[in-house]
Amino acid sequence: MSIPVRKYDAVIVGAGGAGLRAAIQLSEAGLKTAVLSKVFPTRSHTVAAQGGVSASLGNSEEDHWHWHMYDTVKGSDWLGDQDAIEFMCRKAPEVVVELEHFGMPFDRTDEGKIYQRPFGGHMSNFGEKPVRRACAAADRTGHAMLHALYQRNVRAQTQFFVEWMALDLIRDEEGQVLGVIALEMETGEVVAFHAKATIFATGGAGRIFYSSTNAFINTGDGLGMAARAGIPLEDMEFWQFHPTGVAGAGVLITEGVRGEGGILRNDKGERFMERYAPNAKDLASRDVVSRAMVTEINEGRGCGPNKDFVTLDITHLPPETIMKRLPGIREISIQFAGIDPIKAPIPVVPTCHYQMGGIPTNYKGQVVLEDGATVAGFYAAGECACASVHGANRLGTNSLLDLLVFGKSSGDTVIEDLASMPKAHKELPAGFADRTLARLGRLESQKDGADVHETRLAMQRTMQNHCGVFRFKDKLEEGVRKILDIEKQAAQTQIKDKSKVWNTARVEALEFDNLIEVAKATMICAEARKESRGAHVRDDAPDTPEFPNGRDDKEWLKHSLWYRDGNKLSYKPVTLKPLSVETIALKTRSY
């Protein structure tokens with residue numbers, strides 16, 4: 001069966017912050033660019049980011065990019081690559097000011113400069129005291145960013161394909177990526193987007209967990225496609241659980257609430273973070289705060305009738321400050337918790353939030369294999385990529401910075417690479433769509449198979465129970481067995497509604513194909529890493545003088561690489577050498 005082919009200089013999959021920022025570079029350079037998105041661009045998940053974007057502008061107090069770099073390396077628990085981290089932190093002021101010139105409506109200081117607030121783990125003078133580094137637009141920073149970037153793309157005449165889902169990469173015998181096969185969700189039509197350069201900006205996969213701040217569209221599509229094409233996934237054991245999701249709903253309450261003076265309290269009204277992070281307190285790094293909250297709950301100091309949450313208290317703040325700086329948070333609290341935070345504390349629990357791992361890339365946005373070779377024609381940026389600037393734990397506000405820096409960087413690299421390529425497209429290989437069409441055919445013909453919804457729910461509950469904030473040896477081993485069993489069911493899923501027009505059942509089945517790949521990678525990598533580092537904390541890796549916080553730098557200062565074929569695991573060293581400054585030396589991580 002032949003399918004239609006559309007030719008472009010570049011195709012970008014995903015229209016969130018990273019995809020839109022890359023598209024601006026390409027379209028303004030005159031390249032014929034297509035952007036595929038499952039939802040309208042301004043509904044991409046970047047819209048949900050609340051607190052800010054980090055940059056050492058120093059608008060409120062002294063700051064420096066090197067301090068930002070130190071905080072990011074420390075936050076990553078030294079698993080971040082220091083060349084990529086330096087690149088990101090050096091570029092931060094430039095890309096934020098650039099965004100301001102695109103029309104981003106940042107809040108302002110009395111002097112008219114971009115308003116900056118404190119955020120967890122961001123410190124001045126190499127960890128001395130908290131610093132104001134998060135550039136904010138009230139508590140809707142991602143929303144404002146996405147609209148500014150989309151409007152710039154409209155001006156640049158970027159071509160958008162809205163409500164299209166990419167299904168698989170097209171690779172030739174030499175391994176070069178030649179575009180993607182995609183599905184138009186309204187009609188069910190399958191089309192090949194033939195491109196000289198393909199950029200993945202597909203976001204994260206937080207929907208592998210039962211409780212998540214992620215949108216329903218965050219199903220790891222880019223990771224699933226990369227894995228099926230033989231490309232490894234890097235550091236998939238590291239998932240950030242945001243300390244403050246609304247209890248019972250999982251909806252995000254930004255760290256900016258604590259940046260504005262919010263305090264976490266237990267059932268006694270005690271500010272318990274003073275015990276766990278005496279210096280940074282409520283603004284310690286996210287993994288530290290999440291574990292402190294879970295410890296309080298596990299030791300019987302939780303709040304509510306079931307003692308299963310703690311509270312976030314801003315009742316001491318002036319109401320006008322809440323209405324000006326945190327209006328969206330007040331609205332979320334009223335809608336999802338039934339509580340006005342001006343009058344009472346918000347019930348919160350740690351909730352899966354961010355994927356630190358992903359498709360292995362360098363700071364130029366090129367996809368990089370284990371031997372250091374780049375995959376011709378293939379680039380990635382944003383949460384689906386692993387540069388790795390976040391290592392074992394991401395600092396708040398570095399996610400929006402990641403989108404801007406590496407979205408732009410990948411776009412610049414594509415422009416440079418295409419300048420040296422022939423003008424004509426390379427021929428598509430014979431049978432390039434066979435695997436995709438066979439997968440679609442299976443969904444059509446499968447009878448008496450597993451139900452997509454029930455199988456996905458089993459996966460999410462297994463991930464939540466076996467691979468959460470705290471991890472246990474026996475539960476991880478059992479989790480691997482369960483996930484591999486669920487994978488067998490996933491291969492036999494069926495869709496009950498066979499209509500091809502607006503068939504959400506078909507899309508959900510295709511998304512589940514991607515989710516199960518991410519879940520396997522996560523569970524297998526987590527079971528294999530026999531240490532505690534950043535967001536990955538095991539009960540059998542105790543805190544000792546030789547292994548501070550359970551971290552084993554001698555054996556485990558390395559990135560994991562998971563291959564779909566045979567669930568093979570491999571490892572590669574962390575890049576400890578920055579681009580221009582001295583290496584930030586290993587030390588015990590405390591706040």
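**Notebook: fold and cores of the protein chain**

I began with the contacts of this predicted model. Among contacts with a separation of 6 or more in the protein chain, 75% join residues 24 or more positions apart.

Next I looked up secondary structure. I found 16 helices and 22 strands in the protein chain. I then checked the radius of gyration, which is 23 Å. The globule rule gives 25 Å for 591 residues, so the chain is as compact as a globular protein of that length. For the box along the principal axes, I got roughly 65 × 55 × 50 Å for the C-alpha atoms.

I turned to burial and surface. Of the 591 residues, 64% are buried. The accessible surface comes to about 21600 Å². Carbon and sulfur atoms hold 50% of that surface.

I also looked at charge. The protein chain has 71 positive and 78 negative charges. Their mean positions lie 1 Å apart.

Then I went to the nonpolar cores. In soluble globular proteins, nonpolar side chains tend to be buried together. Which residues have the most contacts inside the largest core? I noted F193, F200, I359 and M459, in a core of 78 residues. Helix α15, residues 504–528, gives the most to this core, with 13 residues.

Leaving out residues up to four places away in sequence, I listed its contacts as R207, I208, I483, I486, F512, L515, I516 and A519.

Last, I noted another core, apart from the largest one, with 65 residues. I12, C135, L418 and I584 are among them.

How values were computed: Residues numbered from 1 in each chain as written. Predicted model: local features only at pLDDT ≥ 70, side-chain atom pairs only at ≥ 80, totals over all residues. Heavy atoms only, no water. Helix = DSSP H or I, 4+ residues; strand = E, 2+ residues; numbered from the N terminus. Rg over C-alpha atoms; globule rule 2.2 N^0.38 Å. Buried < 20%, exposed > 50% of the residue type's maximum accessible area, 1.4 Å probe, protein only. Contact = heavy atoms within 4.5 Å. Areas by Shrake-Rupley, 256 points an atom, 1.4 Å probe, with all protein chains shown as cover. Lys, Arg positive; Asp, Glu negative; His and termini not counted. Charge placed at Lys NZ, Arg CZ, Asp CG, Glu CD. Core = buried A, V, L, I, M, F, W, Y, C linked by side-chain atoms within 4.5 Å.
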